[in-house]
Structures are given as structure tokens and as C-alpha cells.
Amino acid sequence: MGSEEFKSLYDKYFDSIRRYIYYRSGDKELSNDLAQETFMQIWKKKFKITDEGLKNLIYKIANQMFLNFIKQKKNHENLLKNINFNVEYNNDQISEERRNKFNLALSKLNEKQRSVLLMKKIDGYTNKEIGVYLNISIKAVEKRMTQAIKNLKNQIK
Amino acid sequence: MTINKSNHEVDKLLDNIQISFDKSKDEVWNESFNEVVESDTSKKESKTYNIFNFNSKLIIGMAALLICGLLIYNNILDNEIKNPVQDNNIEFSDSAIVESLFIEDSELDDYLNSYVINELVND
């Protein structure tokens with residue numbers, strides 16, 4: 001893979017990979033670091049595969065990076081449970097109170113449900129694409145999505 | 001009604017989510033990737049240049065070896081061909097050419113024929 005090819009790949013996928021790690025971790029700094037590390041690995045390994053295959057691979061590498069990071073932490077289970085998911089909203093009509101409540105509801109979702117939901121709503125991926133990137137079946141994607149929306153509704157009642 | 005309302009609210013909130021990071025992807029590229037990628041690319045180019053040099057040296061070396069080999073082989077072949085013929089010629093010259101000086105031109109053909117026959121019989 002040449003430098004121009006790599007730059008084009010970086011421009012296409014860096015933001016979505018960084019967001020994906022953020023969906024799981026709720027930590028922007030960590031997301032930035034792990035996304036960088038993911039692309040550094042891709043550059044060093046000089047993969048020669050198709051663009052679509054490479055996209056799957058990028059998600060797999062990012063996923064593995066995240067899991068390795070979590071395993072290194074002593075209280076990794078608590079780390080994933082006690083996250084502070086803090087996103088912005090580009091609509092002034094949504095009150096501060098609703099924003100905070102929804103952010104709290106997103107934080108309380110488990111990371112698998114949150115990832116699937118936000119990959120669909122923010123990145124615009126189809127269930128099939130999400131299944132491929134996360135290496136799970138379409139049914140599992142649908143199940144996680146349904147549970148996520150149900151939990152969010154219960155939280156913001 | 002309540003379910004529809006909460007559905008609508010969840011959708012509205014999800015549709016308006018915006019996730020921003022301290023650094024844009026271009027800033028991250030300039031800070032972390034630009035130098036590494038450029039450095040690796042220039043290394044790769046210089047490696048290619050070295051490989052080219054190595055190949056040209058190898059080709060020149062092989063050509064020199066081939067020329068030396070051909071010269072040596074040619075020399076050996078010349079020696080093998082020349083030496084035995086030269087020996088025979090000296091013997092032939094001593095006996096035949098001196099005798100042929102005293103033979104007239106008209107009888108030269110007959111002399112050579114008889115000489116060749118004698119040589120064949122003696123061998």
C-alpha cells in the first residue's frame with residue numbers, strides 16, 4: 001500500500017473508527033489513541049486487499065485494540081460499566097435537562113448495544129454492514145438494537 | 001400515546017447527536033502520520049535504488065566473469081588444436097617438404113600420392 005492509498009483510506013475511515021471506539025469506551029482520548037494505533041498498524045503491515053475487505057479489517061483491528069486495552073486494566077469490568085458518555089446535540093430546541101438525561105441513558109446501555117445503535121444512527125450503516133464489521137449475525141444486530149432502544153425509552157420516561 | 005411519544009423523542013435525540021473530538025482527523029494526520037509515512041516512503045525509494053545498483057553491479061560482474069571464462073576456454077581450445085597439428089607438421093616438413101624440393105613440378109602430384117599411400121600403410 002502506497003502513501004497516497006493509505007492517506008485516502010485514512011480520510012475515509014479514521015473518523016468512523018474513532019467514533020466506534022468512543023461508542024464502546026465513552027473515552028474520547030482513548031478513542032483517539034486507539035484509532036491512531038489501528039491506522040499505524042495498517043500502514044506498517046502494508047495490507048494489499050480490496051477496499052471493502054480492508055474496511056472489515058480496520059474494524060477488526062480496532063476491536064482487538066480495544067479488547068487488549070480493556071484486558072490490561074485491572075478493573076476492566078467496572079471500566080466498561082462506569083463510563084461517562086457525553087455527546088453534543090445540534091438542535092437548540094432540546095433542553096439541557098433532556099440532553100443530560102439522554103447522555104446518562106446512553107452511558108447506562110451496555111457497550112455492545114450502544115455500539116450497534118450509534119453505528120446505525122450516526123454512521124448510517126445497515127444491519128448487514130454492522131454484522132460484518134462486528135463479526136456478529138444480522139439477528140444479533142437486530143436484537144441489540146431493539147434492546148438498546150427499549151432501554152433508552154425506559155430511561156428517559 | 002406515551003410509547004409513540006417516547007419513540008419520537010428517542011429518534012429525535014439520536015438524529016441530533018453530534019460527536020466531536022479535540023483534534024480533527026487532519027490535525028491527527030499532521031501530528032502522527034505525516035512524518036512516519038513520508039519517512040517510510042523515502043526509505044522504500046532508497047531501498048529500490050540500492051537494489052537497482054546491486055543488480056547492475058551483479059550484471060557487470062557476471063559479464064566480466066563470462067568474458068574471462070570465454071577467453072580461457074578459447075585459449076585452451078586453441079592450445080589443444082594447435083599443438084598436435086604443429087607437431088605433425090614439423091615431422092611432415094622435415095621429411096616431405098625437403099624431398100619435394102628435388103622433385104619436378106610435373107612429378108609432384110605422383111610424389112604426393114605415393115607419399116600419402118606410404119604414410120597410410122606405415123600407420
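In helix 2 of chain A, the residues A:Ser31, A:Asn32, A:Leu34, A:Ala35, A:Gln36, A:Thr38 and A:Phe39 are buried. A residue is called buried if 20 or more other C-beta atoms lie within 10 Å of its own, exposed if 12 or fewer do, and partly exposed in between, with C-beta atoms placed from the backbone. Helices (H or I, at least four residues) and strands (E, at least two) are DSSP runs, numbered from the N terminus. The model is a predicted one, in which local features need pLDDT of at least 70 and side-chain atom pairs count only at pLDDT 80 or more, while totals for chains, interfaces and linings use all residues. Residues are numbered from 1 along each chain as its sequence is written, and chains are lettered from A and ligands numbered from 1 in the order in which they are written.

Helix 2 covers residues 28-45 of chain A, 18 residues in total. From first C-alpha to last it reaches 26 Å, close to the 26 Å expected at 1.5 Å a residue; the expected span is 1.5 Å times one less than the number of residues. Just after this helix, A:Lys46 takes a positive phi of about 55 degrees.

Chain A as a whole has eight helices and one strand, in the order α-α-α-α-β-α-α-α-α along the sequence. Of its 157 residues, 30% are buried. Two residues are in contact if their C-beta atoms, placed from the backbone, lie within 7 Å. Among contacts in chain A between residues at least 6 apart in sequence, 60% join residues at least 24 apart.

Within chain A, helix 1 packs against helix 6 (residues 111-121) at an angle of about 145 degrees, with the axes 8 Å apart. Axes are lines fitted to C-alpha atoms, for helices over the stretch in contact, and angles run from 0 to 180 degrees between N-to-C directions. Helix 1 supplies A:Tyr20, A:Tyr23 and A:Arg24 to this contact, and helix 6 supplies A:Glu111, A:Arg114, A:Ser115, A:Leu118 and A:Met119. By class, the contact has four nonpolar, one polar and three charged residues. Here Ala, Val, Leu, Ile, Met, Phe, Trp, Tyr, Cys and Pro count as nonpolar, Asp, Glu, Lys and Arg as charged, and the others, Gly among them, as polar.

Two further places in chain A can be looked up. A:Asn135, in the loop between helix 7 (127-134) and helix 8, has a phi near 60 degrees, a positive value in a residue other than glycine. A:Asn135 counts as exposed because it has 11 C-beta neighbours inside 10 Å. A:Arg98 belongs to helix 5 (residues 96-108), and with 15 C-beta neighbours inside 10 Å it counts as partly exposed. The C-alpha atoms of A:Arg98 and A:Ile156 are 8.0 Å apart, although 58 residues separate the two along the chain.

Chain B has three helices and one strand, which run α-β-α-α from the N terminus on. Buried residues make up 3% of its 123 residues.

The contact between the chains takes 26 residues from chain A and 19 residues from chain B. On the side of chain A, helix 1 (3-25), helix 2, strand 1 (88-89) and helix 8 (138-156) each supply at least two residues. Helix 1 gives the most, with eight residues. That side of chain A has 13 nonpolar, five polar and eight charged residues. Strand 1 of chain A also pairs with strand 1 (residues 17-18) of chain B, in the antiparallel sense over two bridges; two strands pair if DSSP finds at least two bridges between them. A:Glu88 stands opposite B:Gln18.
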